[in-house]
Amino acid sequence: MRHPPRLSALLAGAALTMASTALAVMGTASGAAAAPACTVEYSVVGQWAGGYQGAVTVTNNSAALNGWSLGFDFPAGQVVGQGWGGKWSQSGTSVTVVNESWNGALGTGAKISAGFIASWTGANTAPTSFTLNGTPCNTDAPTPTPTPTPTTPTPTTPTTPPTTPPTTPAPVTGAPELGVSGNRFVDQNGATRRLLGVNRSGGEFMCVQGYGFFDGPVDDASVKAIADWKANTVRIPLNEECWLGLDNVKPEYRGANYVAAVKDLVAKVLAHGMTPVVELHWTHGQYTGNSAGCSDTHATCQKPMPDAQYTPAFWTSVANTFKNDKRVVFDLFNEPYPDRATSTAAQAWSCWRDGGTCPGIGYEVAGMQDLVDAVRATGAKNLVLVPGLAYSNDLSQWLTYRPTDPAGNLAAAWHVYNFNTCADETCWNTALAPVAAQVPLLAGEIGENTCGHAFIDRVMKWFDDRGLSYLGWTWNTWNCNSGPALITSYDGTPTAFGIGLRDHLRALNP
């Protein structure tokens, strides 16, 4: 996000809405029948013209399996395009899902879930017959009638009481060490976590403009005011030149002084039980092309991509600073927009991932893979957030181009404002839902320029319905008519915009 009063205008884009319907195909045992060997729940998570997202959950009611294969037939000609949670294939109307190497074990009573995106025409009728390793599911098996035989009475042996089903892990108290499990954020106990909170702008621009470290106070009282909104996450935008101590920044606001100020704010956020997200906002590199925020070589505005000259060094230093504390999250780059400089989407996404010499950008680019590699080379295992294109508003090819992470701790970041391209439920259903089905998704910035909260109310509902995460922009006392400012005072007094987020967070965590 660009910033009032010292920053430029906001941008971004993309998304789509699904009607969420679900139907369960379940078998029930009758008085004279045994439980089915397996049960399958089939659901339509969301549907749009010509396509939908579906899910299957299989419960094994028989002997433990070391390897499984689910089979079913589509009754209306649906065609699977992509799937996850298993290896999906289709021949005619017949669909087969085979376990991955990591989820082949399916014990007695255990469940396995998988999802998919499919196309449909005419009707989207649900399948009704399923097999697990060739055995029909959702079908009661007749109980055989025993043949009476004479027996000698024997003392009754007490039966072993049934095993208590596993309980949901208890969440860690305070700020968790965050990781990724499938498409969920989890803490070190394995409990699902959502990141819900605010951005605290200032660290990206105050230092390079020569005014200080942050815009407004970052003392304990001001951080506690954020926690009093029932926020559990604070995103902290940073400036790479200030962190690295480049000599265009005033000595008192650069290098060790700047790093110490950031570490102090991170410590205060942690002390109040919240997750700090340290994020790279402004970077070096001259860009004067389409949608340029400034013509300055220095880190005085949002650039289309990180620079190869300094950004890998920035992330190496940040990762070394926080690698021993997995409660700290790394957000690689605020709002990439190489799509404004290149002529094709393929060029933009390749630039985004691989960096190098990118069409329309006059400096050497560090791609998202370069930055992941820089972080992991330090030994840091912290959660890493990777934004998309179009000022982080486009995730349409995020899954195709996502970087490789040897730590397996990568999630998608997305931004949305009411003036973006992807700013309605139709786009969110089409562009976001497939990503959120495979990896955790954080809306790192949500906001609107109306000085109201009707738009973010819709965003929060869509994300709440799917158990996803979001952060409001921004915990600064700017005029909400010039940008989405949440507060009028650092004691937490909300603007007309901020009251929507505050009341919503308090309702979620009374």
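This is a predicted model: local features need pLDDT of at least 70, side-chain atom pairs count only at pLDDT 80 or more; totals for chains, interfaces and linings use all residues.
Biologist: Let's start with the cysteines. How many disulfides does a search of the whole structure find?

Modeller: A disulfide is a covalent bond between the sulfur atoms of two cysteines. With the bonded cysteines numbered in sequence order, the pairing reads 1-2, 3-4, 5-6, 7-8, 9-10, 11-12. The search of the whole structure finds 6 disulfides.

Biologist: Take Cys38 and Cys137. How many residues apart in sequence are the parts that this pair ties together?

Modeller: The sulfur atoms of Cys38 and Cys137 are 1.9 Å apart, and the two form a disulfide. Cys38 belongs to strand 3 (residues 38-48), while Cys137 sits in the loop between strand 13 (135-136) and strand 14 (141-142). The pair therefore ties together parts that are 99 residues apart in sequence.

Biologist: Are Cys38 and Cys137 buried or exposed?

Modeller: The cut-off to keep in mind is that buried means under 20% relative accessible area. Cys38 has a relative accessible area of 1%, and Cys137 has 4% relative accessibility. Cys38 is buried, and Cys137 also counts as buried.

Biologist: Is the disulfide of Cys38 and Cys137 left-handed or right-handed?

Modeller: The handedness follows from the torsion about the S-S bond. For Cys38 and Cys137 this torsion is about -95°, so the disulfide is left-handed.

Biologist: And Cys207 with Cys242: is that disulfide left-handed or right-handed?

Modeller: Cys207 and Cys242 are joined with an S to S distance of 2.1 Å. Cys207 lies in the loop between strand 18 (196-199) and helix 1 (220-228), and Cys242 lies in helix 2 (residues 240-244), 35 residues apart. Both Cys207 and Cys242 are buried. The torsion about their S-S bond is about 95°, so this disulfide is right-handed.

Biologist: What about Cys351 and Cys358, buried or exposed?

Modeller: These two form a disulfide with sulfur atoms 2.2 Å apart, and a torsion of about 100° makes it right-handed. The relative accessibility of Cys351 is 2%, and the relative accessible area of Cys358 is 4%. Cys351 counts as buried, and Cys358 is buried.

Biologist: Let's look inside. Which helix gives the largest share of the lining of the largest cavity?

Modeller: The search finds 2 cavities of 30 Å³ or more, and the largest holds about 50 Å³ of space. Its lining divides into 8 nonpolar, 1 polar and 1 charged residue, with Arg200, Ser222 and Trp475 among the lining residues. The largest share, 3 residues, comes from helix 1.

Biologist: Which strand gives the largest share of the lining of the second largest cavity?

Modeller: The second largest cavity has a volume of about 30 Å³, and its lining residues include Val97, Trp68 and Ser113. Strand 4 (51-60) and strand 11 (111-119) each supply at least two of the lining residues. The largest share, 3 residues, comes from strand 11.

Notes. Residues are numbered from 1 along each chain as its sequence is written. Side-chain values use heavy atoms; hydrogens and water are left out. A disulfide is a pair of cysteine sulfur atoms within 2.5 Å. Helices (H or I, at least four residues) and strands (E, at least two) are DSSP runs, numbered from the N terminus. Buried means under 20% relative accessible area, exposed over 50%, partly exposed in between (1.4 Å probe, protein chains only). On a 1 Å grid over the protein atoms alone, a cavity is a set of points where a 1.4 Å probe fits but cannot get out, and a pocket is an open set with protein on both sides within 12 Å along at least five of seven lines; lining residues have an atom within 4 Å of a point. Grid points are joined across faces, edges and corners, and a volume is the space filled by probe spheres set on the points. Ala, Val, Leu, Ile, Met, Phe, Trp, Tyr, Cys and Pro count as nonpolar, Asp, Glu, Lys and Arg as charged, and the others, Gly among them, as polar.
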